[in-house]
Amino acid sequence: MLSNPDPRQATNPLFNDNKFKLGTFATNVSNGCAITTIDGVFETTWPNVMKLAKIADEAGIEAIVPVARWRGFGGTTNFNGTCFETYTWAAALGAITKNATIFATSHVPTVHPIMAAKQATTIDHITGGRFALNIVCGWYQAEMEMFGAPIMEHEQRYKYATEWLYILKRLWTEDSEWELEGDFFNIKRAFHQPKPLQKPYPALMNAGGSTTGRHYMAKNCDMALILITGHDLDTTRREISAYRDLAKYEYGRDIQIWTNCYCVIGDTEKDAYDFLDYYVNEKGDWAAVDNLAINLGVQTEMLPKEAVQSFKFHFAAGWGGYPLVGTAEQIADKIETLSRLGLDGTLMNWPRYEEGLCRFVAKVMPLLEYKGLRQPFRQP
Ligand SMILES: Cc1cc2nc3c(=O)[nH]c(=O)nc-3n(C[C@H](O)[C@H](O)[C@H](O)COP(=O)(O)O)c2cc1C
């Protein structure tokens, strides 16, 4: 159970007092989250990664979160195909940032739990206690099968992830040596020093959407990352409460609930929507969107046409995120609505990251402070 305030607050801004927290998403994969052929989308070079991390870090944005990806989705752009591995990415960003929480996103079947625990501990020390781990099971068959084993069946993935995380937690917290003959791992004389700086261990996030995934997250993690599927506010409020209540009443835990938003800021509302229309409807990479839909198991022929169109539109616009589109004032109002619905924070992505992030920091963040959703950031 999380105590209040969480002791990790001393080093990890995920536990700060800001009512609504912010993060950047996907600055380790080509195109970021926008499945479009426009120029100026995120290109996976180390200078680009560093530049965006420094802007976010100096603005007091709480989280910098990568995507776990090993191959792209084809189309003209081979969307996300050029991608950096996330523990090494996080370690290096940890060394050049001072404030933000740096995440790794870990596909559990691709890394042995002893290695994952050690990498996480190392990055926790590099960052001075600002590391967090986003745990994903893997659903993209072609990328998981690159590792030479068939992709696990859905329920089996979470059984594996449960034993995997059990091992990490024991390594992070137990001083004496132990043995495990599990369903998936045999561990002999387990030993792990140093321990992470964060106690009991670094913050954990999961984005499970299925019933099993939600239970995994509610039982084990500090943060749920959820997609807001419909944009009807009452339904969204109920969905958010359902996540929080599951953690609270079934597992006696308080968790944070975050979502993912795509962000298009215009001088006018019309400018913002015109640009959205341009990069999605005119310049969308629809072959890549189709591949993504197939791999996500979206049964396009079984769903009503409108639902399929809406799914594809929001995925092309920003990985199915909630739309923050409009003027800076309108975007601040939309974020206030997300906060009122019960969310604790959002990851954000932009069609053109540097321009979008700079505009967000300059124009939207002061409005969020004015609304009382955030405190002005001061370098410690
Ligand atoms: C905002 C968001 C980010 C995600 N990031 C990744 C990722 O980086 N890599 C990945 O393989 N899966 C990612 N996922 C997929 C989830 O881990 C999960 O597999 C998916 O939401 C389906 O839930 P389920 O596993 O409970 O069926 C993400 C999901 C969401 C909603």
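This is a predicted model.

**Stop 1: arginine 253.** Select arginine 253, which sits in the loop between helix 7 (233-251) and strand 9 (256-265). Arginine 253 and proline 200 are 53 residues apart in sequence, and their C-alpha atoms are 15 Å apart in space.

**Stop 2: the loop between strand 6 and strand 7.** Proline 200 is in the loop between strand 6 and strand 7, with strand 6 covering 186-190 and strand 7 covering 203-206. The peptide bond from lysine 199 to proline 200 is cis, with omega near 5°. Proline 194 lies in this loop too, and the bond that joins glutamine 193 to proline 194 is cis, with omega near 0°. Most peptide bonds are trans.

Histidine 192 also has its place in the loop between strand 6 and strand 7. It has 19 C-beta neighbours inside 10 Å, so histidine 192 counts as partly exposed. Which residues does histidine 192 touch, not counting residues up to four places away in sequence? They are Ala117, Lys118, Leu171 and Trp172. Arginine 170 is 22 residues from histidine 192 in sequence and 9.1 Å from it in space, C-alpha to C-alpha.

**Stop 3: helix 5.** Select residues 154-173, which form helix 5. This helix has 20 residues and reaches 29 Å from its first C-alpha to its last, close to the 28 Å expected at 1.5 Å a residue. Colour Arg157, Ala161, Trp164, Leu165, Ile167, Leu168 and Leu171, which are the buried residues of helix 5. Then turn the view to look down the axis. The buried residues fall within an arc of 155°, so they line one face of helix 5. An α-helix has 3.6 residues a turn, so residues three or four places apart point the same way.

What do the buried residues of helix 5 pack against? Show helix 3 (113-126), strand 4 (131-136), strand 5 (178-181), strand 6 (186-190) and helix 6 (211-220) to see their packing partners.

**Stop 4: helix 9.** Select residues 286-295, where helix 9 has Ala288, Val289, Asn291 and Leu292 as its buried residues. They cover an arc of only 160° around the axis, which puts them on the same side of helix 9. These buried residues pack against helix 10 (305-318).

Stop 5: Most residues other than glycine have a negative phi. Alanine 26 has a positive phi of about 75° although it is not a glycine. Find alanine 26 in the loop between strand 1 (21-25) and helix 1 (46-59). With 26 other C-beta atoms within 10 Å, alanine 26 is buried.

Asparagine 78 is not a glycine either, and its phi is positive, about 40°. Asparagine 78 has 17 other C-beta atoms within 10 Å and is partly exposed.

Stop 6: In soluble globular proteins, nonpolar side chains tend to be buried together. The largest nonpolar core here has 101 residues, and those with the most contacts inside it are Ile64, Ala90, Phe103, Ala224 and Cys263. Strand 9 gives the most to this core, with 7 residues. Centre the view on isoleucine 64. Leaving aside neighbours within four places in sequence, its contacts are Gly23, Thr24, Ala53, Ala56, Leu93, Ala100, Ile102 and Phe103.

**Stop 7: the ligand.** How many residues surround the ligand? There are 16, and the closest are Ala207, Gly208, Gly209, Ser210 and Gly213. Colour the shell by class to see 8 nonpolar, 8 polar and no charged residues.

Note on methods. Residues numbered from 1 in each chain as written. Predicted model: local features only at pLDDT ≥ 70, side-chain atom pairs only at ≥ 80, totals over all residues. Helix = DSSP H or I, 4+ residues; strand = E, 2+ residues; numbered from the N terminus. Expected span 1.5 Å × (residues − 1). Buried ≥ 20, exposed ≤ 12 C-beta atoms within 10 Å, placed from the backbone. Arc of directions from axis to C-beta. Contact = placed C-beta atoms within 7 Å. Near = placed C-beta within 6 Å. Nonpolar A, V, L, I, M, F, W, Y, C, P; charged D, E, K, R; others polar. Core = buried A, V, L, I, M, F, W, Y, C linked by C-beta atoms within 7 Å.
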